[in-house]
Amino acid sequence: MVCILLFAIANPVLGYYKSIFSFGDSLADTGNALYSKLDKNVGNFPYGETYFYRVYSSKDLQQGANFAVGGATALDASFFEERKIVLPTNYSLGVQLEWFKQLLPSLCNPSSNDCHEYLKTSLILMGEIGGNDYNHPFFQGRDVEEILTFVPEIINAISFAIKALIKEGAVTFMVPGNFPIGCSAKYLTLFKSPNKEDYDGSGCLKWLNEFSVYHNKFLQKELDVLREEYPSVKIIYADYYNAAMKFYKSPKTLGIYVSSFFHPVALCLPTNVIQHSS
């Protein structure tokens, strides 16, 4: 049985889950990009190795599966193709959801109430997803006004996936927000500004962080709508943005003494990262 301690804003909740199913991009990918041969750079040792060098079986999948793929987007590839935006992969959230549906009959009996009972004891990690929907167009020179119009579509895609999984029987979701992209080394390099006013006290680009905040507020608003629509479903918002900002604002107090950028997946997130709501 999988046990996860969820640190809430008010009271901590000890949740027991028999399985975890994960959807997302590189922040959650544990080898799918390598398996799909999307990136040759991730094929070097120790990538592809399990801790005990085990080969997983169908019995292991009873405890969950990870469908996240590095570079994945919330929106389908057709959305970006119409706008002439190039993607490294077409393993979108919709594709990952179909993989889940194909796997489910091997884990439970869909003709009875078995799958609903099985998913009642499962945790669904929905993301982080959506970040690459912005990264790809930003890095390909699209302006912020155009990319802002993508936000409602991206949030709708996440909401649709949550609703589809609720229909299958899932009742507990963790949905992370986006990171402060204005603090990312790549964004800081590509959008370097000669104006000091464009940066905050941590050296992050204000307008890009405001973009992340806009996405996160839109996402949280939609999660509130889902909570009202499905009062028996628990939806947890994971506040990656403010958790990461603590490292940028006070790196030394958190034991970081180097100025180089670190990948946020490696962060040991503070205990108030997770907001629990039911």
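**A buried helix and its surroundings**

Good morning. I begin with His136, which counts as buried because its relative accessible area is 11%, below the 20% cut-off. The model I am presenting is predicted. His136 belongs to helix α6, residues 131–139. Setting aside residues up to four places away in sequence, His136 touches Gly71, Thr73, Ile85, Val86, Leu87 and Pro88.

The protein chain has 278 residues, of which 45% count as buried. Its secondary structure comprises 11 helices and 8 strands. Among contacts with a separation of 6 or more, 74% join residues 24 or more positions apart.

I turn next to the core. Which residues have the most contacts inside the largest nonpolar core? They are Phe21, Met126 and Ile158, in a core of 55 residues. The largest share of this core, 10 residues, is supplied by α8. Apart from it there is another core, of 14 residues, and Leu123, Phe179, Cys183 and Ile236 are among them. As a general remark, nonpolar side chains in soluble globular proteins tend to be buried together.

The buried residues of α8 are Val151, Ile154, Ile155, Ala157, Ile158, Ser159, Ala161, Ile162, Ala164, Leu165 and Ile166. Just after α8 comes Gly169, with a positive phi of about 125 degrees.

For Ile158, neighbours within four places in sequence being left aside, the contacts are Ala74, Leu93, Met126, Ile129, Val175 and Leu219. The second residue is Leu165, also in helix α8. Leu165 counts as buried because its relative accessibility is 1%. With neighbours within four places again left aside, Leu165 is in contact with Phe23, Leu97, Phe100, Ile124, Met126, Ala170 and Phe173. The C-alpha atoms of Leu165 and Leu119 are separated by 9.1 Å, although these residues are 46 residues apart along the chain.

Which helix axis comes within 10 Å of that of α8? It is the axis of α10, residues 206–229, and the two cross at roughly 35 degrees. This crossing of α8 and α10 is right-handed. On the α8 side, the residues that meet α10 are Val151, Pro152, Ile154, Ile155, Ile158, Ser159, Ile162 and Lys163. On the α10 side, they are Phe211, Tyr214, His215, Phe218, Leu219, Glu222, Leu223, Leu226 and Glu229. Sorted by class, this contact of α8 with α10 has 12 nonpolar, 2 polar and 3 charged residues.

Helix α10 brings us to helix α11, residues 240–249. Of the 10 residues of α11, 7 are buried, and the helix is mostly covered. The buried residues of α11 are Tyr240, Tyr241, Ala243, Ala244, Met245, Phe247 and Tyr248. They pack against α10 and also against β6 (172–176) and β7 (234–238).

Strand β6 contains Thr172. Is Thr172 buried or exposed? Thr172 is buried, because its relative accessible area is 7%. Thr172 has contacts with Tyr17, Ser122, Leu123, Ile124, Lys234 and Ile236, leaving aside its neighbours within four places in sequence. For Thr172 and Leu123, the C-alpha to C-alpha distance is 5.3 Å, while the two are 49 residues apart in sequence.

I close with two points of backbone geometry. As background, most residues other than glycine have a negative phi, and most peptide bonds are trans. The peptide bond from Gly127 to Glu128, however, is cis, with omega near 20 degrees. Glu128 sits in the loop between β5 (122–126) and α6, and α6 is the helix in which His136 is found.

The other point concerns Lys84, in the loop between α3 (77–82) and α4 (93–103). Lys84 is a residue other than glycine with a positive phi, near 55 degrees. Lys84 counts as exposed because its relative accessibility is 69%, whereas His136, where I began, is buried at 11%.

Thank you for your attention.

Note on methods. Residues are numbered from 1 along each chain as its sequence is written. This is a predicted model: local features need pLDDT of at least 70, side-chain atom pairs count only at pLDDT 80 or more; totals for chains, interfaces and linings use all residues. Side-chain values use heavy atoms; hydrogens and water are left out. Buried means under 20% relative accessible area, exposed over 50%, partly exposed in between (1.4 Å probe, protein chains only). Helices (H or I, at least four residues) and strands (E, at least two) are DSSP runs, numbered from the N terminus. A nonpolar core is a set of buried Ala, Val, Leu, Ile, Met, Phe, Trp, Tyr and Cys residues joined through side-chain atoms within 4.5 Å. Contact means heavy atoms within 4.5 Å. Axes are lines fitted to C-alpha atoms, for helices over the stretch in contact, and angles run from 0 to 180 degrees between N-to-C directions. A crossing is left-handed if the near helix is turned anticlockwise from the far one by less than a right angle, and right-handed if clockwise. Ala, Val, Leu, Ile, Met, Phe, Trp, Tyr, Cys and Pro count as nonpolar, Asp, Glu, Lys and Arg as charged, and the others, Gly among them, as polar.
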